[in-house]
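Student: Before we look at the model together, could you take me through its features one at a time, giving the general idea and then the case at hand?

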Amino acid sequence: MLEFDEVHVGYGRSVVLHGVSLAVPADGVAAALGHNGAGKSTLLRCAAGLLKPRQGSVRLDGEDITRLAPHQRVARGMAYVPQGQQSFPHLTAAENLQLVADGRRDGKQAMAEALDLFPALRELLPRRAGLLSGGQRQQLAIARALITRPRLLLLDEPTEGIQPSVVSEIERTILAVASRGGMSVLLVEQHVGFALTAAQRYYVLEAGRVTSSGEGGTAAESAVRQALTV
Ligand SMILES: Nc1ncnc2c1ncn2[C@@H]1O[C@H](COP(=O)(O)OP(=O)(O)OP(=O)(O)O)[C@@H](O)[C@H]1O
Ligand SMILES: [Mg+2]
């Protein structure tokens, strides 16, 4: 569905990804795993079109999108949830969602569906996003992305720095939306167990290279843990 073919990308003169190839399955989840600084967020920024490869190509459903701008990728059904629970802190939770919903004919319905997935958000709607907890802000950010009814969701460490009770809620919702079909997910995660439960494919990144990859599922866990310790 989304394919990276030998992608080299970086910032200014420094190259971060050195020839990364990967594939996100149609209607499935691919997980990118790796230590801090391995290049996982860089990978997602490149998928979202915020960074342009110097070499290699990116395809979406067979179409070469390597040179497409972020908004053109959004128009093709991509949604990106960056690392760090980002939202507009001075707007209320409702306004954060409305911003996206207003631009869509099906916005009202899509917003209701997103809130059904994160029911805890309903009573927080009048509250400023900046006053929400990290877990609540993360749910808000994912809900906002889902309002666009993406075909491909790019999720960067959705459970990072979040209290354990909320982590399982977020994980459950990601599994639920991923399994209802019609959407692919490229998931960046530090939690190996959850990532492999969700994913059909995994890729371990090390210093900007894929050093291990394979089918997801919990059976892959020991191979992945081993790849992450070397
Ligand atoms: N805006 C930037 N400008 C220059 N270098 C950057 C920038 N962002 C990241 N880097 C560098 O690129 C490399 C990969 O960073 P990246 O954020 O992609 O890693 P990551 O795998 O997402 O790490 P983490 O698990 O900490 O989120 C690091 O060496 C980092 O210092
Ligand atoms: Mg990162």
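Student: How do the residues of the shell around ligand 1 divide into nonpolar, polar and charged?
Tutor: Ala, Val, Leu, Ile, Met, Phe, Trp, Tyr, Cys and Pro count as nonpolar, Asp, Glu, Lys and Arg as charged, and the others, Gly among them, as polar; here the shell holds three nonpolar, eight polar and three charged residues. A residue belongs to the surroundings if one of its heavy atoms lies within 4 Å, and of the 14 residues around ligand 1, Gly37, Lys40, Ser41, Thr42 and Gln83 come nearest. This is a predicted model in which local features need pLDDT of at least 70 and side-chain atom pairs count only at pLDDT 80 or more, while totals for chains, interfaces and linings use all residues. Residues are numbered from 1 along each chain as its sequence is written, chains are lettered from A and ligands numbered from 1 in the order in which they are written, and side-chain values use heavy atoms, with hydrogens and water left out.

Student: Which residues coordinate the magnesium ion (ligand 2)?
Tutor: Donors are N, O and S atoms within 2.8 Å of the metal (3.2 Å for Na, K and Ca), and sites may look incomplete because water is not among the atoms. In this model the donors are OG of Ser41 and OE1 of Gln83, at 2.0 to 2.2 Å. Ser41 belongs to helix α1 (residues 40-48), whereas Gln83 sits 42 residues away in the loop between β6 (78-81) and α3 (93-101), where helices (H or I, at least four residues) and strands (E, at least two) are DSSP runs numbered from the N terminus.

Student: Is Ser41 buried or exposed?
Tutor: Buried means under 20% relative accessible area, exposed over 50%, and partly exposed in between (1.4 Å probe, protein chains only). Ser41 counts as buried because its relative accessibility is 13%, and Gln83, at 26%, counts as partly exposed.

Student: Which side chains meet in a salt bridge with a 3.0 Å separation, N to O?
Tutor: A salt bridge is a side-chain nitrogen of Lys or Arg within 4 Å of a carboxyl oxygen of Asp or Glu, and the pair you ask about is Arg149 and Glu113. Arg149 lies in the loop between α5 (134-147) and β7 (152-156) and Glu113 in helix α4 (residues 107-117), so the bridge ties together parts that are 36 residues apart in sequence. Both residues also belong to a network of salt bridges that links them with Arg104 and Asp106.
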